[in-house]
Amino acid sequence: MQVDEALVRKIAHLARIKITDKEATALKDELTGILKWVEQLEEVDTDGVDPMSSAEEVPLKKRADEVTDGGYPEKIVKNAPMSEDNFFMVPTVVE
Amino acid sequence: MSKQSELTNLTIADARNGLRAGDFTAHELTEAHLANIEAANGALNAYVLTTADRALEMAKESDKRLGGKGKSKNDAGELEGIPLGIKDLFATNNVRTTACSHILDGFVPPYESTVTQNLWDAGAVMLGKLNNDEFAMGSSNENSDFGPCINPWRRQGDETPLVPGGSSGGSASAVAANLCLGATATDTGGSIRQPAAFTGTVGLKPTYGRCSRWGIVAFASSLDQAGPITRTVEDAAIMLGAMAGHDPKDSTSVDLKVPDYEKALTKGVKGLKVGIPKEYRVDGMSGEIEDLWQQGIDWLKAAGAEIQEVSLKHTKYALPAYYIIAPAEASSNLARYDGVRYGLRVEGDDIVSMYENTRAAGFGAEVKRRVLIGTYVLSAGYYDAYYLKAQKIRTLIKRDFDQAFDKVDVLLAPTTPSPAFGIGEKGADPVEMYLNDIFTVTVNMAGLPGLSVPAGLSGEGTPLGLQLIGRPFDEATILRAGRVIEEAGGGSPTPENWWSDAPAAGKVARPAAKSASKKKKGKKS
C-alpha cells in the first residue's frame, strides 16, 4: 500500500487533526512503511476463522437498566475549557 | 547505609513486616522516599508530579491504623503505609492526570480509578504520578510531553543516558532507583514487562479482566490491562492481590475470586510442565538472549520442572496484527479529546477547525501516527482487509496458546530482543521501535497473564529479563515459576547510584508542577 500526501490529508481530516505540509510529507513515508509491514498478514489463510470479539471466554456481563450515578453537573463541567451554567460551550454550530 | 537508604531499599514484604512490628513508622518510610525523589528526579525524570503533602497525610493515617512506633497492631490493611508511585494513566481524585499528553493539560479528575482506590483501601500511600509514553504509546518513554524518563542503569564505563523502556518507563525507573517500593503500570503490548526487563525489576501483566480498567485512560480497550512493577516476585504477588478484583463499573472485569498469590509462591515448580515456544527463536536473535533463555530453562529444570518444546505457529503475525488492532481502538478511544469537555482547546473559525487545531496541538507525533493508521484501517472499504483480518489472526494466535496449554502449564521466553538502548538511538523508523514488543505482544493479543523477571546482565552490564506466560487467570503459576528464576538468578540487580543530586540529564518539556490550564468563561451566543 503506497500512501500519498492526498491520502494523508484525507485521513487526517477524518481524524480531525490538522497537519502541516512538513508533517504530511513525513507521514506519507511513515504510514506507507507501517502499512507495507502489515501486508505480511495476507500470507495467513483465515478462511473459515471467526474474528476474535473478546479476549475473555466469558459472556459479557449485563446489569439492570437503571440510573446508578450522576446528579453533579458542576463536577462534569469542572475540567471544561469553556462552560457556562453547567453547559459545555462550543463555537456556533447552527446559524 | 543511611537510615534513608535502608528504608527505601526494603521490599514491600519487609516494609510491611517492619511497619507492623513498629520498627519504623509509615511517616518515616514516606519521608525517606520523598527525600530520594527530591534528590533523583532532576536526573531521572521519573515523577511528573509529586504529592508530598497528600503522601504524608496518608502515612499519618496509616500510622494511626498501625498503632505507632514500638507498638504492634494488626487491624492494618494489606499495604498499610506502603509508599507507591502511580503511572499518570490512572485517574486520581483531585490530582492532575494527563497520560503525559499535552491534550490533557491540567486535567484534574473528580474521581479515582478502581485499581488505585483498591490500593488506598488496602492502606497504601501515594507518592505521586509517574512518567510514561503519551497515552501509553511507545516502548522507550521518549514520547512523553514531560520529556523522556531516564533509566537508572547505564552501560558499563559509559554515561550515555539509556531509556527505561515504555510505556511504563517512569514506573520501572522509580522502582529500580528506590523512588517507591512499588508502582502501578499498564500493559497494552508489553508496557509493563519490557520496561521491567530494561530496569532489572519485576513486571506483571495480569490476565485481561483480572484488574478493572475503570478510571484508566484508555488506549486499546481490548488489550489494556493494569499490573504492578516491583523489585521482587513476592512484592508483585502482594500488589496484584490488592489491585485485582471484580468491578461492576468495568463490564470486562471478571467476577472471579482473587486467589492468595503469596501462598502460591512457596509451591516451587517440581513436576510443572514448562513449554518453550520454538517460534520465539527468531532470526537474528542475539547470542546473549539465547544464552539467557537457556539459562532459564536450566534453572527451571534443576528445580524439578519438565521442559518441552511447543509451537505457537502464528507468533510472527502477532505484531503486525497488533499494529492494526491497537491503533484502530486508539483512534476510536482518542476521539473524545476534542477541546470541549476537558484538557486543551485551541480555537478555530468553526467547530471543526477548533477540533482540528486542538488535536494538532495536543497530540504528539507517535499518537498522531497511530490515530491516522487507526482511522485509515477503519475507514470505508478497508475494514475487512485490515481490522477484520487482524481479529481473525488474533483468533489463530489464541488457538495456538490454547493448544500449547493442553500440553504444558506455563511458557518461558525472553522478555525483549535486546537490553535497554540509548535515548534517541531508535525512532527514525517507527517499525524498528515497534519490534521491541515482539515477545510481549502475543500475550496481550490472547489476553493472557505474563511476568517479566530479572534474569541476568547483558554484555553491556545492563539488565535482561525472562518472561513467563500462563493460562488465563493463572497468575499464581507464573508467579511461583518466576520466584524460582528469581532465586536462581539472584533477583533484582541494583544499579550504581549516579543520579542522586546529579544535574538534570535532558531538557524537560514542561515543568512537572505546571498549574491547570486557564479556564475561560464563555459568552452566550
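A salt bridge is a side-chain nitrogen of Lys or Arg within 4 Å of a carboxyl oxygen of Asp or Glu. The structure is a predicted model, in which local features need pLDDT of at least 70 and side-chain atom pairs count only at pLDDT 80 or more, while totals for chains, interfaces and linings use all residues. Residues are numbered from 1 along each chain as its sequence is written, chains are lettered from A and ligands numbered from 1 in the order in which they are written, and side-chain values use heavy atoms, with hydrogens and water left out.

**Exercise 1.** Find how many salt bridges there are between chain A and chain B, and examine the one that K316(B) forms.

*Solution.* The count between the two chains is three salt bridges. In the one formed by K316(B), the partner is E43(A), and the closest N and O atoms are 3.6 Å apart.

**Exercise 2.** Describe the contact between chain A and chain B.

*Solution.* Begin with contact, which means heavy atoms within 4.5 Å: chain A gives 52 residues and chain B gives 77 residues. Next take the buried area, the accessible area (1.4 Å probe) that two parts lose on being put together, summed over both; here about 5800 Å² is buried, 65% of it on carbon and sulfur atoms. Finally, in chain A, the residues that lose the most area to chain B are W37(A), M52(A) and P81(A), together 13% of what that side buries.
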